[in-house]
Amino acid sequence: MKKFFLLLLTAFLFIGCSSDDDTIYDYIGTWSGTYEGSDKGIWNFVVASDGKVTGTMHSDINDENYNISGSVSTSGELTGSIGLPSDGTFRGTLTTEKKAEGSWVNSVPTPERSGSWKGEKK
């Protein structure tokens, strides 16, 4: 009986220990950086505790602001849109090392513009 109990206890310990330590908490906070391509400027957004992303990107060329909204997964994948209503995409990856990078596309104003972005958590 004692061996059976130890066997069960060991099995529960292995089941309870998971190597999947991904959590949204690593990404909560303010992120900012620059973007470039067929337009250039700065961006910033805030990741809330539920993974929702809200922010803006400011065009140095057009002197306009565009809204960023979306979400971040527990693995750091950012899926967002630009504009209200959505006129483009803002996608990329946030890391636990507080670095971020990705790509963007904006259809308004025409012609469509696109490029890459990078930044970090503040």
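Student: Does Arg 113 count as buried or exposed?
Tutor: The relative accessibility of Arg 113 is 8%, and buried means under 20% relative accessible area, exposed over 50% and partly exposed in between, using a 1.4 Å probe and protein chains only. This is a predicted model, in which local features need pLDDT of at least 70 and side-chain atom pairs count only at pLDDT 80 or more, while totals for chains, interfaces and linings use all residues. Residues are numbered from 1 along each chain as its sequence is written, and side-chain values use heavy atoms, with hydrogens and water left out. Because 8% falls under that limit, Arg 113 counts as buried.

Student: Which residue does Arg 113 meet in a salt bridge?
Tutor: A salt bridge here is a side-chain nitrogen of Lys or Arg within 4 Å of a carboxyl oxygen of Asp or Glu, and the closest N and O atoms of this pair are 2.6 Å apart. Arg 113 sits in strand E8 (residues 113–121), whereas its partner, 74 residues apart from it, lies in the loop between E1 and E2; strands are DSSP runs of at least two residues, numbered from the N terminus. The partner also counts as buried, at 2% relative accessibility, and is Asp 39.

Student: What is the separation of the C-alpha atoms of Lys 99 and Trp 31?
Tutor: Leaving out residues up to four places away in sequence, Lys 99 touches Thr 93, Leu 94, Gly 119, Glu 120 and Trp 31, where contact means heavy atoms within 4.5 Å. Lys 99 and Trp 31 lie 68 residues apart along the chain, and their C-alpha atoms are separated by 8.9 Å.

Student: How many strands form the closed barrel?
Tutor: The barrel runs E1-E2-E3-E4-E5-E6-E7-E8 with antiparallel pairing, two strands being paired if DSSP finds at least two bridges between them. As one example, 7 bridges join E3 to E4, and His 58 stands opposite Asn 65 in E4. The number of strands in the closed barrel is 8.

Student: How many residues does the largest nonpolar core have?
Tutor: A nonpolar core is a set of buried Ala, Val, Leu, Ile, Met, Phe, Trp, Tyr and Cys residues joined through side-chain atoms within 4.5 Å. Those with the most contacts inside it include Trp 43, Met 57, Phe 90 and Trp 117, and Trp 43 is itself in contact with Met 57, Phe 90 and Trp 117, among others. The number of residues in this core is 19.

Student: Over which residues does pLDDT stay under 50?
Tutor: The pLDDT, the predictor's confidence in each residue from 0 to 100, averages 86 over the protein chain, and 81% of the residues score at least 70. The stretch under 50 has 0 contacts beyond four places in sequence in the model, and covers residues 4–20.

Methods
Helices (H or I, at least four residues) and strands (E, at least two) are DSSP runs, numbered from the N terminus.
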